[in-house]
2 protein chains.
Amino acid sequence: MSKQLPLVATESQCCSPLTREPLSEDQSAELARVFKALGDPVRLRLLSLIASHAGGEACVCDLTDAFDLTGPTISHHLKVLREAGIIDGERRGTWIYYRVLPTTLQMLSSVLMTTA
Amino acid sequence: MSKQLPLVATESQCCSPLTREPLSEDQSAELARVFKALGDPVRLRLLSLIASHAGGEACVCDLTDAFDLTGPTISHHLKVLREAGIIDGERRGTWIYYRVLPTTLQMLSSVLMTTA
DNA sequence: CGTCTAGGTTGACAGACATCTATCTAGAGC
DNA sequence: GCTCTAGATAGATGTCTGTCAACCTAGACG
């Protein structure tokens, strides 16, 4: 459903810790896209609601009540997360269920890893 | 040097994996601030240049040549990273040396951790 | 003190972005 | 087919942000 290929498509082209060596312009552009998607409080809350929901997924109908925002705004935010490769959606009848794509989060997590 | 207290100030108020339970509005606002700071390619590259530099720190003079941007723009980006609690700076004579604050990156990394 | 380099701050500006209203699309039920 | 609900899309709008030119501050040196 996501138009853009997520970074996780191939492990080989991504991503050792950024503390190891300078990121290339391409790498930083791709990573920044994902971090930017997470750089909004509403989207972060949406993500955490989805991820922690029973069964590891949630339909939009489970999400909207938590926010004092209109449907189109929630849709827009979900779209940003989807296009960043962070979540994916699946239609079931009239409902759309979203789940987190764990590999993207894991990739981000490992990029941020420092020598402890 | 950072005006805002970074999230890492107390371990007790932050931050279990966001897949575990929904983030509060406060938590998401604070986290989004840090992710947003990382959500720019220039800032990501600056961060990786600093982190991977010999001795784990770099002066601004080591950084500026890697970008086709003016000094004020680099300063602005460094300020964003600093205020997000990601880097810290120290003046040594006419030079300012920046280093990464590893606890912030570690905190972000663990927030993004999923059950593998 | 004056002069220099390093690097930060201020303000303007074009483009990006979060939000809403209006509308459209997808699916279900009759 | 029509009607309904769920949820996405399009466009307008106010706000935010990356960038630069102009300027300021910090420190070193003579």
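**Where the chains meet**

Author: Over all chains the count comes to ten salt bridges, a salt bridge being a side-chain nitrogen of Lys or Arg within 4 Å of a carboxyl oxygen of Asp or Glu. One pair crosses between chains, running from A:Glu25 in helix H1 (residues 25–38) of chain A to B:Arg45 in helix H2 of chain B, where helices (H or I, at least four residues) and strands (E, at least two) are DSSP runs numbered from the N terminus. The side chains of A:Glu25 and B:Arg45 are 3.5 Å apart, N to O. Side chains of opposite charge can pair when their charged atoms come close.

Before going further, note that this is a predicted model, in which local features need pLDDT of at least 70 and side-chain atom pairs count only at pLDDT 80 or more, while totals for chains, interfaces and linings use all residues; side-chain values use heavy atoms, with hydrogens and water left out. Residues are numbered from 1 along each chain as its sequence is written, and chains are lettered from A and ligands numbered from 1 in the order in which they are written.

Across the interface of chain B and chain A there are two salt bridges, and six residue pairs are in polar contact, both residues at pLDDT 80 or more. (A polar contact is a pair of N or O atoms within 3.5 Å; within protein, one must be able to donate a hydrogen and the other to accept it, and residues adjacent in sequence count only if both atoms are side-chain atoms.) On the side of chain B that touches chain A, the elements giving two or more residues are helix H1 (25–38), helix H2 (41–52) and helix H5 (102–111) of chain B. That side divides into 19 nonpolar, nine polar and six charged residues, with Ala, Val, Leu, Ile, Met, Phe, Trp, Tyr, Cys and Pro counted as nonpolar, Asp, Glu, Lys and Arg as charged, and the others, Gly among them, as polar.

The contact (heavy atoms within 4.5 Å) takes 34 residues from chain B and 34 residues from chain A. The area buried between the two chains is about 2800 Å², of which carbon and sulfur atoms give 70%; buried area is the accessible area (1.4 Å probe) that two parts lose on being put together, summed over both. B:Leu44, B:Arg45 and B:Leu112 supply 19% of what chain B buries against chain A, more than any other three residues.

From here the account moves to the DNA. Surrounding DNA strand C are 21 residues, the closest being A:Thr73, A:His77, B:Pro72, B:Ser75 and B:Tyr98, where near means a heavy atom within 4 Å. Helix H4 (71–83) of chain A gives the most to this surface, with four residues. On chain B, a polar backbone atom of B:Thr94 is 3.4 Å from a sugar or linking oxygen of DNA strand C. By class, this surface has eight nonpolar, eight polar and five charged residues.
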